[in-house]
Amino acid sequence: MGTKTVHTVSQKQRTIRENVSGYLFILPTVLFYTAFIGIPIFMTVFILSFSDFSLLSPLEFVGLTNFFKLFTDPDFKIVVFNTLKFICIIAPVHIILGLVLATLIDSVRSRFFQGFFRTVFYFPLVVTTASIVLVWGYLYDYNFGVFNWILSQFGIAPIRWLADTKWSLLSVALFSAWKFIGNAFLYYYIGLRNVPDVYLEAASIDGASKLQQFFHVKLPLLTPTLFFVITTTLINCFQMFDEPYFLTRGGPGVSSQTIAMHIYRKGFGEYHFGYASTLGLILFLIVLVVTIFMFAFQKKWVNYDSE
C-alpha cells in the first residue's frame, strides 16, 4: 500500500515537471506573438479604430467617426478598385499560368533541365523586391527601356509605363505577376510530383491520352493544392504593398495605390493612426470574408481522397 502511494506521488510529480517543461518551451513563442501580434491586433480593433490619434495629440475616443470617414475619403474607393484590378490581373496569371508552367516542367524528362527551369521560375521570388525593382525601372524607362524599344520595332509610340495613369497599374501588375509566379509554380510542381504513378499507369492502360490523364487524374488530385494557391494568392493580392510602393510609390496620384499602401500613407505619412487602424480593420474583414467563403466553397470541388 505504502509503495503504491509513493509510486503514485512520484508519477504525479513527473507529470507536473513534464507539463511545466512543455509550457516553458512554448513560453517564448507565446510572449512573442502576444507582444507583436496579439496586442497590436487588440489595439487596432478595439481602441485605435474608434479613436483619433496622431502622435502629436493625446488619444481621443471618437466612436464611429473613422468608419463614416470612409465614405467621404475620395481616395478610398479608388484604392479599393485598384486592389480589385490588381487581383483581376495577377490572380489568373499566378493560378493558371503557374499551373501551366508546372505541368510543362513536370513533363520534362531531363533532371538537369527540370532543375534549371525550377531555378529560373523560382529565382525572382528569393530576390528582394527593393533590389529587383531597380532593374524593372530601367526596363520601363521611357527613353532607354527594353519594352519601349520592342514597341518601336513595330512602329508603336513609346509609353510612359510608370508615369502615365493609364499604364502605371498594369506595369505594377506585370511586375508582380512575374516576381511571384514562382510561388504558385512551386506548389503546383510539388503537387504534380506527388500524384501516384499507379493512377497514371492505370489510365494509360485504359487508353487515356496525356491530356485526358491531366484533366481526369492529375487535376482532381491537385485540387487541394489548387485551393491553397487560390486562397493564398487572393490574400496576398489584397495585402499587396511592396510592388507599387517601390515601383511607383502608388502614383501618379493614387492610380496604382492599393488598400495596404493607403493604410501606410494615412498612418505613417499623415500620422492619422486612428483612421489608418480603421482601414486596417476593414482590410482584415475583407480578407476574413474571402477566406471564409473559400473554405465554405471548397467542399464542393476539392478532392482530399488520394487513396
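A: A residue is called buried under 20% relative accessible area, exposed over 50%, and partly exposed in between (1.4 Å probe, protein chains only). Helices (H or I, at least four residues) are DSSP runs, numbered from the N terminus. The model is predicted, so local features need pLDDT of at least 70 and side-chain atom pairs count only at pLDDT 80 or more, while totals for chains, interfaces and linings use all residues. Residues are numbered from 1 along each chain as its sequence is written, and side-chain values use heavy atoms, leaving out hydrogens and water.

Q: Which residues of H9 are buried?

A: They are Gln-213, Phe-214, Val-217 and Lys-218. Seen down the axis of H9, these buried residues fall within an arc of 125° (taken from the directions from the helix axis to the C-beta atoms), so they line one face of the helix. The face turned away from the buried side carries the exposed residues Leu-211 and His-216.

Q: Against which helices do the buried residues of H9 pack?

A: Contact means heavy atoms within 4.5 Å. The buried residues of H9 pack against helix H3 (74-107), helix H7 (168-193) and helix H8 (197-205).

Q: Is His-94 buried or exposed?

A: His-94, which has its place in helix H3, counts as buried because its relative accessibility is 6%. Leaving aside residues up to four places away in sequence, His-94 touches several residues, among them Ser-176, Phe-180, Tyr-188 and Thr-233.

Q: Which residues make the nonpolar surface patch?

A: Patches are made of residues with over 30% relative accessible area and no salt bridge; like charges are joined within 9 Å, and nonpolar side chains (Val, Leu, Ile, Met, Phe, Trp, Tyr) within 5 Å. A salt bridge is a side-chain nitrogen of Lys or Arg within 4 Å of a carboxyl oxygen of Asp or Glu. Here Ile-16, Val-20, Leu-24, Leu-27 and Leu-31 make a nonpolar patch of about 470 Å². Leu-27 belongs to helix H1 (residues 2-47) and is partly exposed, at a relative accessible area of 40%.

Definitions and conventions. Areas by Shrake-Rupley, 256 points an atom, 1.4 Å probe, with all protein chains shown as cover. Helix = DSSP H or I, 4+ residues; strand = E, 2+ residues; numbered from the N terminus.
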